[in-house]
Amino acid sequence: KAPSALGFYVEVSGSMNGFFRSNKATRFKRDVWSIVSNFGGNDISILSNAGTVANTFSVNDFRSKMNSGQFVSNQETLVPIMLNSILNTLNFNEGQCAVLISDMKYSPERQKDEKVLLTQYQSDIRNVIGKYPNLAVSLIMAKSDYLAANGTTITNSSPYYFLILGKDTNVAFMRNCIATLLEDNGDYGDCIEAGFNYKAPSYSFGIPDNAIQYL
């Protein structure tokens, strides 16, 4: 089911710079534009160094700034705080859905306990998501070329992700749309998800002839 409201969030940090090089074409730019423009006039929010919304742009302003390299940054990436910031304002039980576009590379470089925080990353994400028992999550991996500051290609297959948050029926709708657009461009990688009610039917086996049934 299509969500009642949709919000796009884009992480801007140093590790994302290779996707955002000024006036250089990347498959990231092509695919992100294809996806954000596919759903109409939704604004796109840029997440700041603190993990909160720093700016919100119209879809056309976002494309202009993305293409011209204005999102090249030296910021760190605080993924758990980003998720908290999004979920605190997401009324997913009312049909709202959020999509975070990020390479999901947790890099708390300016924190004194950086090395310890990295070992606790998995637990921090679990704790954030776990506060919302009815939340469904789909993580779609996409692939893009990744450029150095001088425009040369570092790799042709750098992963980044579309993290979809919402009610399971709305997340499934968005997952299908985004995965299809990525597949059409040859950049779909994989998908994992959680929090879905698959409505599996209850069933039982009868006793077969000439066979032993193990319970």
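Which residues in H1 meet residues in H2? The legends below take this up in the second view. The model is predicted.

**View 1. Seven strands form an open sheet.**
The strand order is S3-S2-S1-S4-S6-S5-S7. Pairing in this sheet is mixed. Strand S3 (53-57) and strand S7 (188-194) stand at the edges. Each has a single partner strand, so one side of each lacks a neighbour in the sheet. On average, neighbouring strands are turned by 25° against each other, direction ignored. Strand S1 (residues 5-11) pairs with strand S2 (residues 44-47) in the parallel sense. Four bridges join S1 and S2. Look for Val 10: its bridge partner in S2 is Ile 46.

**View 2. Helix H1 meets helix H2.**
Helix H1 covers residues 27-38. The axes of H1 and H2 come within 11 Å and cross at roughly 175°. That angle is over 145 degrees, so H1 is roughly antiparallel to H2. On the H1 side, the residues are Phe 28, Lys 29, Val 32, Trp 33, Val 36 and Ser 37. On the H2 side, they are Val 59, Asn 60, Phe 62, Arg 63, Met 66 and Asn 67. The residues of this contact divide into seven nonpolar, three polar and two charged.

**View 3. Helix H3 lies across strands of the sheet.**
Helix H3 spans residues 79-87. H3 lies across S1, S2 and S3, and also across strand S4 (96-102) and strand S6 (153-166). H3 runs at about 160° to S4.

**View 4. Val 72 sits in the loop between H2 and H3.**
Is Val 72 buried or partly exposed? Val 72 is partly exposed, because its relative accessible area is 39%. Leaving aside neighbours within four places in sequence, Val 72 is in contact with Asn 17, Phe 20 and Arg 21. Met 16 is 56 residues from Val 72 in sequence. In space, the two are 7.5 Å apart, C-alpha to C-alpha.

**View 5. Cysteines Cys 97 and Cys 191 are in no disulfide.**
The disulfide count is zero. For Cys 97, the nearest cysteine sulfur is that of Cys 177, 10 Å away. Cys 97 is buried, at 2% relative accessibility. For Cys 191, the nearest cysteine sulfur is that of Cys 97, 13 Å away. Cys 191 is partly exposed, with a relative accessible area of 22%.

How values were computed: Residues are numbered from 1 along each chain as its sequence is written. This is a predicted model: local features need pLDDT of at least 70, side-chain atom pairs count only at pLDDT 80 or more; totals for chains, interfaces and linings use all residues. Side-chain values use heavy atoms; hydrogens and water are left out. Two strands pair if DSSP finds at least two bridges between them. Helices (H or I, at least four residues) and strands (E, at least two) are DSSP runs, numbered from the N terminus. Axes are lines fitted to C-alpha atoms, for helices over the stretch in contact, and angles run from 0 to 180 degrees between N-to-C directions. Contact means heavy atoms within 4.5 Å. Buried means under 20% relative accessible area, exposed over 50%, partly exposed in between (1.4 Å probe, protein chains only). Angles under 35 degrees count as roughly parallel, over 145 as roughly antiparallel, 65 to 115 as roughly perpendicular and the rest as oblique. Ala, Val, Leu, Ile, Met, Phe, Trp, Tyr, Cys and Pro count as nonpolar, Asp, Glu, Lys and Arg as charged, and the others, Gly among them, as polar. A disulfide is a pair of cysteine sulfur atoms within 2.5 Å.
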